[in-house]
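Please look over the model shown here with an eye to its charged side chains.

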Amino acid sequence: MHASCHLIERVNADYLLADRGYDSNAIVEQAEKQKMEVVIPSKKNRKIQRPYDKELYKLRHLVENSFLHLKRWRGIATRYAKNTSPFLAAVQIICITLWANIL
């Protein structure tokens, strides 16, 4: 088994969402073996481009951008709060702030 397959070995999910960097035959085969639908755009150098759900992939991108915005807050990026509950509270407050700015 390829070393990158260990990333998803014990994951129980319906879909595997990832960017092009994870488009390898080993990962795709492991995901299909675990009965996951693969939502990974094919690398540009693939001879046969694999189809994927573009709408679902857009949601993955949205989540990734949310983490990008969260990491812009210094307290989250450096994890000043060492305990779980203050850290979770900080993340929730920042998410509310980000959401309020969208409205």
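Which side chain meets that of Asp23 in a salt bridge at 2.7 Å, N to O?

## Basis of the model

This is a predicted model, in which local features need pLDDT of at least 70 and side-chain atom pairs count only at pLDDT 80 or more, while totals for chains, interfaces and linings use all residues. Residues are numbered from 1 along each chain as its sequence is written, and side-chain values use heavy atoms, with hydrogens and water left out.

## Salt bridges around Asp23

The partner is Arg46, whose side chain meets that of Asp23 at 2.7 Å, N to O, a salt bridge being a side-chain nitrogen of Lys or Arg within 4 Å of a carboxyl oxygen of Asp or Glu. Asp23 lies in the loop between strand 1 (15-17) and helix 1, and Arg46 in the loop between strand 2 and helix 2, 23 residues apart; helices (H or I, at least four residues) and strands (E, at least two) are DSSP runs, numbered from the N terminus.

Asp23 counts as buried because its relative accessibility is 3%, whereas Arg46, at 23%, counts as partly exposed (buried means under 20% relative accessible area, exposed over 50%, partly exposed in between, with a 1.4 Å probe and protein chains only). The side chain of Arg50 also meets that of Asp23 in a salt bridge, at 2.9 Å, N to O, so this pair ties together parts that are 27 residues apart in sequence.

## A loop residue with positive phi

Lys35, in the loop between helix 1 (25-33) and strand 2 (37-39), has a positive phi of about 65 degrees although it is not a glycine. Lys35 counts as exposed, because its relative accessibility is 72%.
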